Amino acid sequence: MANARSGVAVNDDCMLKFGELQSKRLHRFIVYKMDDKFKEIIVEKVGDRETSYEDFTNSLPENDCRYAIYDFDFVTAEDVQKSRIFYILWSPSTAKVKSKMLYASSNQKFKSGLNGIQVELQATDASEISLDEIKDRAR
């Protein structure tokens, strides 16, 4: 389906992988990107349940934007196991202006198709998605 604002389509695999993460818990994270012509959002990388948070953050490029989903497991102060699904718009300050504009204009439409997101973040550098920040936002 094409995005009305930016004209960027969403590949069916994007929603399929999200469903696998959300309901079947097959993946720890998913990184999405726009194809080279900025015409379609596609799955770039999927991390299995054993991958670390560092593996996830290392898969985000230093100089380009991405959309990402991270399934964060944690234990509450009451010793209850919980999980939060994070949606992250990764838009580093070093990314090209065209990329930042297209990701920003497609963000709302893409995100709205991912039912079940519990926490949303927009990040311009690694400190904004540090593990401590994720832990704070998960509560």
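**Start at a loop**

Select Thr51, in the loop between β3 and α2 (53-58); helices (H or I, at least four residues) and strands (E, at least two) are DSSP runs, numbered from the N terminus. This is a predicted model, in which local features need pLDDT of at least 70, side-chain atom pairs count only at pLDDT 80 or more, and totals for chains, interfaces and linings use all residues. Residues are numbered from 1 along each chain as its sequence is written, and side-chain values use heavy atoms, with hydrogens and water left out.

Show the side chain of Thr51: one of its polar atoms is 2.8 Å from the backbone oxygen of Asp48. Then display Arg28 and Phe29, which Thr51 contacts when neighbours within four places in sequence are left aside (contact means heavy atoms within 4.5 Å).

**The sheet**

Next, colour the strands. Six of them form an open sheet in the order β1-β3-β2-β4-β5-β6, with mixed pairing; two strands pair if DSSP finds at least two bridges between them. At the edges are β1 (9-10) and β6 (119-123), each pairing on one side only.

Select residues 66-75 (β4) and 81-90 (β5): ten bridges join them in the antiparallel sense. Within this pair, look for Phe74 opposite Lys82 of β5. On to β5 and β6, which run parallel and are joined by five bridges; here Ile88 stands opposite Leu121 in β6.

**The cores**

Which residues have the most contacts inside the largest nonpolar core? Select Tyr32, Ile41, Tyr67, Ile69, Phe110 and Leu114, from a core of 22 residues. A nonpolar core is a set of buried Ala, Val, Leu, Ile, Met, Phe, Trp, Tyr and Cys residues joined through side-chain atoms within 4.5 Å. At least two core residues come from each of α1, β2, β3, β4, β5 and α3 (97-112).

Centre on Leu114, which touches Met15, Phe18, Tyr32, Ile69 and Tyr87, not counting residues up to four places away in sequence. Finally, select Trp90, Leu121, Ile129 and Ala138, which are among the 18 residues of a second, separate core.

Definitions and conventions:
Polar contact = N/O pair within 3.5 Å; in protein donor to acceptor, adjacent residues only side chain to side chain. Buried < 20%, exposed > 50% of the residue type's maximum accessible area, 1.4 Å probe, protein only.
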